[in-house]
Amino acid sequence: MGITARITVAVLGATLLSTTTAQASPDAGANSLPAGTTIEPSIDCAPTAAHPYPVVVLPGGDGSPEQTETQWATMTATLREAGYCTLVFQGGIANDKRWDGDMPGEAKQVGDFIAKVRQTTGADRVEIVAHSAGTIVSNYYLKLLGGAPTVSHAVFITPEVRGCDGAGVLGVKNPPVTPVQLLTAMPFLEPILAASSPDLAVAMQMTPTAPVYKSIFDTQVTQPGVTYSVIATRNDQLATPAPACSTLDEPGVVNAVYEDLFPGADPVDHSLIRSTTNTAGWVLQQLQR
């Protein structure tokens with residue numbers, strides 16, 4: 001489930017909150033939220049002169065960790081066949097979901113793994129290929145935790161950036177009021193919902209009024225020394241409005257739309273885009289530029 005989907009679920013759940021829940025301490029959910037656990041691969045490959053930077057793949061929040069190998073088989077095979085040391089890292093694992101914990105804590109998990117990769121392989125930097133929620137964690141690491149000097153290139157697949165409205169998961173186009181608009185108009189809902197359950201606390205970190213969101217997106221996201229590439233799809237049912245929600249409109253960023261690049265291809269959506277040979281080929285092309 002993407003961040004916008006979680007926000008939508010949270011807003012819909014607001015109508016079900018009891019008086020007791022509404023009177024809960026506003027800080028209880030966010031401050032006690034754990035980072036979750038990690039699944040780390042063996043660092044059993046080495047960079048080469050042709051490809052000196054290992055590739056750290058950060059899957060999104062869709063599916064369970066048990067499905068990751070199948071979901072990312074096309075991408076990892078493409079990168080490894082091209083000679084890249086490719087490592088799939090999964091963080092923030094709770095309730096059999098990825099990135100279901102505290103966002104800053106998850107970003108630290110990514111940073112710790114990147115440090116381990118650099119130490120083990122001797123590489124100065126790595127490259128990141130991230131999908132959906134994995135891109136938000138990447139941006140927090142790069143911008144807030146000083147990770148930019150350790151990363152050469154960040155390739156984002158259907159990221160959730162600015163202007164996401166949370167309406168896509170409802171299956172309704174152009175609703176009169178979107179979940180994000182509701183939370184923006186009534187910011188008091190955010191701490192109440194965050195205090196009501198850990199799952200909602202995760203979602204509330206990415207509302208426009210939340211400190212975590214603001215720290216990433218209220219000022220420039222991109223960091224000096226890092227190359228950024230983004231691919232979105234017009235058929236995105238979660239990161240809406242599509243493709244605007246996934247566009248990182250800042251200087252130097254390559255923003256691409258799947259349907260423009262591959263007009264005759266089978267349709268993809270927010271999740272399927274990460275499993276196609278077309279996307280894998282595009283990611284490879286970006287890493288080589």
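Predicted model: local features only at pLDDT ≥ 70, side-chain atom pairs only at ≥ 80, totals over all residues.

Mentor: Let's start with a word we'll need: a contact means heavy atoms within 4.5 Å. Residues are numbered from 1 along each chain as its sequence is written, and side-chain values use heavy atoms, with hydrogens and water left out.

Now find K116, which sits in helix α6, residues 103-121. Helices (H or I, at least four residues) and strands (E, at least two) are DSSP runs, numbered from the N terminus. Leaving aside residues up to four places away in sequence, K116 touches E40 and I43. Take I43: 73 residues separate it from K116 in sequence, yet their C-alpha atoms are 8.7 Å apart in space.

Step back for a moment. The chain has 13 helices and 8 strands, and 53% of its 289 residues count as buried. Of the contacts between residues at least 6 apart in sequence, 78% join residues at least 24 apart. As for confidence, the mean pLDDT is 88, with 87% of residues reaching 70 or more. Residues 12-31 are below 50, and that stretch has 19 contacts in the model beyond near neighbours in sequence.

On to the backbone. Most residues other than glycine have a negative phi, and most peptide bonds are trans. S132 isn't a glycine, but its phi is positive, about 50°. Look for S132 in the loop between β5 (126-131) and α7 (133-144); with a relative accessible area of 2%, S132 is buried. T158 isn't a glycine either, and its phi is positive at about 35°. Its place is the loop between β6 (151-157) and α8 (179-185), and at 0% relative accessible area T158 is buried.

Finally, go to the loop between β7 (227-232) and β8 (254-257), where you'll find P241. The peptide bond from T240 to P241 is cis, with omega near 0°. P243 lies in the loop between β7 and β8 too, and the bond from A242 to P243 is cis, again with omega near 0°.

Terms used:
pLDDT = per-residue confidence, 0-100. Buried < 20%, exposed > 50% of the residue type's maximum accessible area, 1.4 Å probe, protein only.
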